[in-house]
Amino acid sequence: MINRTHVKSLVQQVNPVPVAMTDGLSARAAEELADLVGPVEAQRRAPAPRSSRRGFLVAAVACTAAAVVATVAVFALNDPKEPGEGGGDPMADEPYFGTTAELEGASVLIVRARLGAGHEETTDGLTETVATAQVLATAKGAFPTGTRIELAYTTPGSGPETADLAAGKEYVLLLDELDGNRFTPVNTTQGVYGVEDGHAVAGDDNDVTLSAGVLKALRLLTP
Amino acid sequence: MENIQTGNDRERAARFTALYVRDHPRVSAFVYRRTGDRGSAEELTAEVFRIAWERVLGGEEVGTGWLFVTARNLLSNHHRAATRLTELHRRITDELDRAPASGEDSGVLETLERLPERHRDVLLLRYWDGLSTAETAAVVGCSGPTVWVRLHRAREAFREAFRDVHASPASLSPEESA
């Protein structure tokens, strides 16, 4: 039986050019970059006297190429996590819910909760943040106000699609249950709504609104 | 998705350099996975960025999604004959001097091979190429939410096909058959 995350790991393990092998530019790529942007940089410099123009341009392009290679090195050192890469897990293996009914129906627990501080855990090559959250109101599930639940979620900022979760803030959480009384958002982008001025605010790439019944149970305002 | 916008030449060059440094390795790997030949991949990737630079100089916007779409278009122009995934994998692992596919890996490759192109595409774009939802949407020409739906369906199709592959004795390695 292939579980929720297995498809992803199976496909990734047969990637003939793993992401880790795509770090940094090759010497050829760096030279090609210098070929492209060099003349522009050369033109930026003050025009040389006509008699020495050729020599100036050769030197300018050479300097530019060196600068580009240096820039490349600085970028490579300062920006180790490329989009879609990194030590975390940028792409959750999860469904997308097209309607409110589907989203709420797939959730075993829907609560309004305040998130506590978390720590990272790695299981089967999947790094997630684990944190507790204090339930402030419940719309679905058997966790009354005041109880604490344990959450596991994709570490914020570890990829292009992560919920903007921060300790101390309130959220509406639509959760699925993992083993051991631990919960996880039903979808990285759809399982978390921010709470702002009494409203539930959906994240990017989520155009599904919560039902009036859920909002009322969570003591939130309807749109 | 970061865009390059018109500005002075120095700013253009700096922005293009940032885009190039960030995305050239990704585009190059994307092409390499589909050609099975490093030299061809380097040539094609260079062409992608040459076109990108021309667009930048012309005051047009260039973003990561555009780079992958252009790479895909160039691939379709230069590599019309579809090479089997298993063969591409073998060529690349040979060239990189990496271990060949194991029994389970062969099953996964065969499963991917059996999938309809629309399912295989989205799985590879996400899990091999590491494209974000927005980048995947640009490449396949759909909306972000549609990418999630397609990914969900592709995973379901993979699970089903993978079960079939493992149920077929011919697909198992000698050790697994024993």
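The questions and answers below go through the fold, the packing and some single residues of a predicted two-chain model.

Residues are numbered from 1 along each chain as its sequence is written, while chains are lettered from A and ligands numbered from 1 in the order in which they are written. Because the model is predicted, local features need pLDDT of at least 70 and side-chain atom pairs count only at pLDDT 80 or more, whereas totals for chains, interfaces and linings use all residues.

Q: What percentage of the 178 residues in chain B is buried?
A: A residue is buried if 20 or more other C-beta atoms lie within 10 Å of its own, exposed if 12 or fewer, and partly exposed in between, with C-beta atoms placed from the backbone. In chain A, 37% of the 223 residues count as buried. For chain B the share of buried residues is 42%.

Q: At what angle do the axes of helix 6 and helix 8 of chain B cross?
A: Axes are lines fitted to C-alpha atoms, for helices over the stretch in contact, and angles run from 0 to 180 degrees between N-to-C directions. The axes of helix 6 (residues 117-127) and helix 8 (residues 144-167) of chain B come within 9 Å, and they cross at roughly 110 degrees. Angles under 35 degrees count as roughly parallel, over 145 as roughly antiparallel, 65 to 115 as roughly perpendicular and the rest as oblique, so helix 6 of chain B is roughly perpendicular to helix 8 of chain B, the crossing angle being roughly 110 degrees.

Q: How many nonpolar residues are in the contact of helix 6 with helix 8 of chain B?
A: Two residues are in contact if their C-beta atoms, placed from the backbone, lie within 7 Å. On the helix 6 side the residues include V122(B) and L123(B), and on the helix 8 side they include L151(B), A154(B) and F158(B). With Ala, Val, Leu, Ile, Met, Phe, Trp, Tyr, Cys and Pro counted as nonpolar, Asp, Glu, Lys and Arg as charged, and the others, Gly among them, as polar, the contact has four charged residues, one polar and, as nonpolar residues, seven.

Q: Which helix of chain A do the buried residues of helix 6 of chain B pack against?
A: Eight of the 11 residues of helix 6 of chain B are buried, so this helix is largely enclosed by the rest of the structure. Those buried residues, among them H119(B), L124(B) and Y127(B), pack against helix 5 (103-114), helix 7 (133-140) and helix 8 of chain B, together with one helix of chain A, namely helix 1 (6-13).

Q: Is D197(A) buried or exposed?
A: D197(A) is found in the loop between strand 6 and strand 7 of chain A, and its phi is near 50 degrees, a positive value in a residue other than glycine. Most residues other than glycine have a negative phi. Because D197(A) has 7 C-beta neighbours inside 10 Å, it counts as exposed.

Q: Where does D97(B) lie?
A: D97(B) has a positive phi of about 55 degrees although it is not a glycine. With 6 other C-beta atoms within 10 Å, D97(B) is exposed. Its place is the loop between helix 4 (85-95) and helix 5 of chain B.

Terms used. Helix = DSSP H or I, 4+ residues; strand = E, 2+ residues; numbered from the N terminus.
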